[in-house]
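Please look through the sequence and the model below before reading on. The paragraphs that follow lead from the loops and strands to the core, the salt bridges and the surface.

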Amino acid sequence: MKNKLKHMDRILYTHSSGTSLIELLIYTGILVLIVSAVGSTTLALSRIYRTIVAEQTVEEAGHVALERILRETRDAVSINAGSSDFATTTGRLTLNAIDENEDAIELQFYLSGQTLRLREDAADLGPLVSGDARVTRFYLTSITTTLSQAVKVEMTVESGTSTSYRSKNFYGTAVVRGSYLDQ
C-alpha cells in the first residue's frame, strides 16, 4: 500500500508541477494582447502629444507675429509703398518709423522661404516666428484714404508633419497713426 501511495504522489506531482503546451499558448496569447494594447496606447498618446504641440506652435507663432506687425504699423509714420509688395502671397511691408532716439528708421516685414523676418534699416533682426512654425502665406492689402493709411494683414501659419499637421489663418488691420496725426 505504501508503494502505491508513493507512486500516486509521484504521478500527481509530475502532472501538477509542469505546464502543458495549451497552457503555454494561452499565456503567450494573453501576453501578446497586453503588449499590443500597451503599444497602441503609447502610439496614440504620442500622436496626440505631437498634434497638441503643433497646435500650440501655430497659435503662439501667429499671435506673436501678427501682434508685432500691427503694433509696428500703428506706431509708424507712414507706409513706404514703393518698397512694399501688396496683393501677393509673399508680401513685403516696409514702414517709415521713428525709434526711441527720435531717429528715422525703416522697418520691413518679409518672407524668406517660409520664415517671416524683420529688418530694421539694413540690419536683419531675425525671424518673427519659432523655427518649428512656417508662414506659407503673407498677404498684405494697402488701404489708403485722403485722411489716413492702413494695412490689412492676412497670414497662414503651419506646423507639424503629416499626422500632426496644423494650419491656421490670422487676420488683422492697423491704421498708421502717423498718417492721420498731421491732418
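**A walk through the predicted model**

Asp 121 has its place in the loop between E4 and E5, where helices (H or I, at least four residues) and strands (E, at least two) are DSSP runs numbered from the N terminus. This is a predicted model, in which local features need pLDDT of at least 70 and side-chain atom pairs count only at pLDDT 80 or more, while totals for chains, interfaces and linings use all residues. Residues are numbered from 1 along each chain as its sequence is written, and side-chain values use heavy atoms, with hydrogens and water left out.

The phi of Asp 121 is near 50°, a positive value in a residue other than glycine. Most residues other than glycine have a negative phi. With 41% relative accessibility, Asp 121 counts as partly exposed, a class that lies between buried (under 20% relative accessible area) and exposed (over 50%), with a 1.4 Å probe and protein chains only. Ala 87, which is not a glycine either, has a positive phi of about 60°, and this residue is found in the loop between E1 and E2.

Strand E4 (residues 115-120) is joined to E5 by 4 bridges, and the two run antiparallel. Within E5, Asp 124 is the bridge partner of Arg 119.

What lies in the largest nonpolar core, and which of its residues touch the most other members? Such a core is a set of buried Ala, Val, Leu, Ile, Met, Phe, Trp, Tyr and Cys residues joined through side-chain atoms within 4.5 Å. Here the set has 30 residues, of which Leu 116, Phe 138 and Met 155 touch the most other members. The elements that give two or more residues to this core are H2, strand E2 (92-98), strand E3 (104-112), E4, strand E6 (133-144), strand E7 (149-159) and E8, and H2 gives the most, with 6 residues. Leaving aside residues up to four places away in sequence, Met 155 has contacts (heavy atoms within 4.5 Å) that include Gly 62, Leu 66, Leu 116, Phe 138 and Phe 170.

The structure also holds 10 salt bridges, each being a side-chain nitrogen of Lys or Arg within 4 Å of a carboxyl oxygen of Asp or Glu. One of them links Glu 55 to Arg 166, with the closest N and O atoms 3.4 Å apart. Because Glu 55 lies in helix H2 (residues 21-75) and Arg 166 in strand E8 (residues 166-175), this pair ties together parts that are 111 residues apart in sequence. Glu 55 is partly exposed, with a relative accessible area of 32%, and Arg 166 is partly exposed as well, at 30%. Asp 124 forms a salt bridge with Arg 117, the closest N and O atoms being 2.8 Å apart, and Asp 124 is partly exposed at 37% relative accessibility.

Methods:
Two strands pair if DSSP finds at least two bridges between them.
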